[in-house]
Amino acid sequence: MGASKYRQGLLMLALLMIILGIATIFSTKYQLWQLRSHDESKKRSVIVSDFALSREHNPSDGGQSGDDDDDYHVGRVDDEIMESYPRDEGEMASMDEFDDRVDNDFDDDVGDFEDIAKAILDSDDDHVLVDLTSPIGHSIQRPANNIFNGTSAASPACHPHFNLALNNNRWNSKTKFKRIYFYHARKAGGSSMHKYLSKVANHYGLELKAVEWSGMEEPGTYDDGATFYVTHLREPVDRSISQFKYQGRWSCADLVHGSRNFTPTEDNANRIETWNQTGGHTPFDHCKRKKGPKKEGKRQPFFFLGSCAVNCYVQWFSGVCPEMGMKLDQQYQMARAKVLKYNFVAVIEKLKDPRYVEAVENYFGVAGLTKRGTPYCQKKSHKANEKFPLTVSSDTRQKLTKLNEVDSALYHDLSDCLDSGMYNFPKWDPNRFALHSYNITMAKAEKKKAKTAKKEREKKRKAEEK
């Protein structure tokens, strides 16, 4: 009897231990589920902390040319702007052609961007909460206090793909691309990339939209929702010095359109020591309104930046007008968020590696990546710099490095993952593109028709005003 009770006691104890064990397992799983849910919710937002950037400033020596003044001189600036649009050597764009190209570079609807940016600027806190479901916030999943030390695992420079970015922070792998959008960053190999992508677009019968000077287009925002996005990068300090030699030392307006008496010399050259501002020799302190998009009948300021010496990538990619007062770290986040939704980012320094060139050409299925384009005043500026070689002191380079530290952070964030020399890019997938969906002859005819109609409307409006 005693032994039987003893066995029953052991059985009850074992049963109780099993029940406790099962309860513990379920409790642990529930806690893990909560942790995962909490982690996912944390990924929905990020706190972007302010950071201070010490900047050294060299005052101008006063020897700047007229197009470097704060106020825009329309004639000179417009002439110089025209050089940004690649064309056959010697071909001159008319101002009408240039105006059409500029008009096509800007979207009429700027309300969404302004509302989002204003929400950031109106925050009373020193920290800004960025919702990852917004166009600004998507893809940013790094700690706020470590924004320059994150990994580049998702960088399209290292992991190009054929997925379509949607405006709801999702990806689509079924819709076929009809349009290639190329954002041309100045003096970073953009003319050569533009030439190559033109070949790709013509080969497959796709539309190519190349944009320079204005702000970068946000993936998922174009109306037809079938755009393949490409941009490129070059080491920021080298890029800045290259642009100085191209148009900062002597302006393209003088080199190409100047009077016959203009001859580049050491005396009429700008100094690289004054090439230390967001707008080149002068600060980029306002956006233009002329030809800007309309909102409620009024012209809105639009981003338009040609000459740039300091943190140009974050300005171009974010497309934020200085008068909006957005801080540099916030621009960095906006720029990074956009680029992470691009399909491919070319890194110009890697073109020296034949394996990289092969990987990119296999990705697009077209050869000819290394054929160089010729920017508008390249030959003139190159000849002038050959005659008067530029010497960049170590002190000047160090100052430019310090001033461009945010651009350098973005550059390394996106491209350091290529340092291994492994270019595991996917090969061209014709099933992802609506091949031969764009007829350039018809497109030109439609554009000419629209241009004629626009002129007729303008003529009629002026007649009515009289």
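Q: In which helix do Glu458 and Arg461 both lie, and how many residues apart are they?

A: Happy to start there: both belong to helix H14 (residues 440-465), three residues apart, about one turn of the helix. Helices here are DSSP runs of H or I with at least four residues, strands are runs of E with at least two, and both are numbered from the N terminus. Please keep in mind that this is a predicted model, where local features need pLDDT of at least 70, side-chain atom pairs count only at pLDDT 80 or more, and totals for chains, interfaces and linings use all residues. Residues are numbered from 1 along each chain as its sequence is written, and side-chain values use heavy atoms, leaving out hydrogens and water.

Q: What meets in a salt bridge in the case of Glu458 and Arg461?

A: Side chains of opposite charge can pair when their charged atoms come close. A salt bridge is a side-chain nitrogen of Lys or Arg within 4 Å of a carboxyl oxygen of Asp or Glu. Here the side chains of Glu458 and Arg461 meet at 2.3 Å, N to O.

Q: How many salt bridges does a search of the whole structure find?

A: The search finds eleven. Among them, Arg397 pairs with Asp238, with the closest N and O atoms 3.3 Å apart. Arg397 lies in helix H12 (residues 394-403) and Asp238 in helix H6 (residues 236-248), so this pair ties together parts 159 residues apart in sequence.

Q: Is Arg249 buried or exposed?

A: Buried means under 20% relative accessible area, exposed over 50%, and partly exposed in between (1.4 Å probe, protein chains only). Arg249 is buried at 4%, while its salt-bridge partner Glu266 is partly exposed at 46%.
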